[in-house]
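Hi there,

Here is the structure I promised to pass along. Have a look at it first, and then read on for my notes.

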Amino acid sequence: VVTEPTFNTLIAGLSDTIDTMRLQLVRSTQLSYDELVDGYPCNVNVAFGSREFVVNSTIGMTVGQVDEVLVYLEDTVLRRICLGKDNFENFLVQYAGNRGVSYALINEAMLRY
């Protein structure tokens with residue numbers, strides 16, 4: 001004897017499928033985020049590698065240099081994870097405190113952001 005699934009059985013099955021798909025999406029998103037954040041220093045080094053502030057990453061950067069790197073980060077990383085340059089810049093200022101902003105400090109802040 002074949003029985004037809006009840007409405008509640010169908011709903012429970014669909015609910016389980018949705019939960020499984022949601023979990024897979026969260027895992028996939030986390031992996032994508034981790035790959036993006038883990039890979040960003042290499043990309044920045046390629047983009048700015050010959051610049052003095054990368055070669056000697058602990059020296060202070062000019063406001064123009066900081067803005068140039070932040071614009072690059074916004075275009076290549078921050079937008080892709082739905083974050084903005086202004087928010088990161090505010091975080092960077094708080095993170096830096098009384099220290100000058102260097103390329104090394106931007107990298108530290110980026111990994112903590």
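This is a predicted model: local features need pLDDT of at least 70, side-chain atom pairs count only at pLDDT 80 or more; totals for chains, interfaces and linings use all residues.

**Aromatic rings**

How many aromatic pairs does the structure hold? There are seven. Take phenylalanine 53 and tyrosine 103: their ring centres are 6.1 Å apart and their planes stand at 55°. Planes under 30 degrees apart would count as stacked and over 60 as edge-to-face, so this pair is tilted. The two partners come from distant parts of the chain, 50 residues apart, with phenylalanine 53 in helix α2 (residues 52-55) and tyrosine 103 in helix α5 (residues 103-112). Both phenylalanine 53 and tyrosine 103 are buried. They also belong to one aromatic cluster, which is formed by Phe48, Phe53, Tyr72 and Tyr103.

Phenylalanine 91 and tyrosine 95 make another aromatic pair, and this one is stacked, with 5.9 Å from centre to centre and 20° between the planes. These two residues sit four apart in helix α4 (residues 85-96), so about one helical turn separates them. Is phenylalanine 91 buried or partly exposed? Its relative accessible area is 23%, and because buried means under 20%, phenylalanine 91 counts as partly exposed.

Tyrosine 95 has a further neighbour to look at: arginine 99 lies over the face of its ring, 5.2 Å from the ring centre.

**Helices α3 and α4**

Helix α4 also packs against helix α3 (residues 63-78), at an angle of about 130° and with the axes 10 Å apart. Angles from 65 to 115 degrees would be roughly perpendicular and those over 145 roughly antiparallel, so α3 is oblique to α4. Their crossing is right-handed.

Which residues meet where these helices pack? From α3 come Val66, Asp67, Leu70, Val71, Leu73, Glu74 and Leu78, and from α4 come Lys85, Phe88, Glu89 and Leu92.

Leaving aside residues up to four places away in sequence, glutamate 74 touches Arg79, Gly84 and Lys85.

Happy to go through any of this with you on screen.

Best wishes

Conventions: Residues are numbered from 1 along each chain as its sequence is written. Side-chain values use heavy atoms; hydrogens and water are left out. Rings of Phe, Tyr and Trp (its six-membered ring) pair if their centres lie within 6.5 Å; planes under 30 degrees apart count as stacked, over 60 as edge-to-face and the rest as tilted. Buried means under 20% relative accessible area, exposed over 50%, partly exposed in between (1.4 Å probe, protein chains only). A charge sits over a ring if NZ of Lys or CZ of Arg is within 6 Å of the ring centre and within 35 degrees of the ring normal. Axes are lines fitted to C-alpha atoms, for helices over the stretch in contact, and angles run from 0 to 180 degrees between N-to-C directions. Angles under 35 degrees count as roughly parallel, over 145 as roughly antiparallel, 65 to 115 as roughly perpendicular and the rest as oblique. A crossing is left-handed if the near helix is turned anticlockwise from the far one by less than a right angle, and right-handed if clockwise. Contact means heavy atoms within 4.5 Å.
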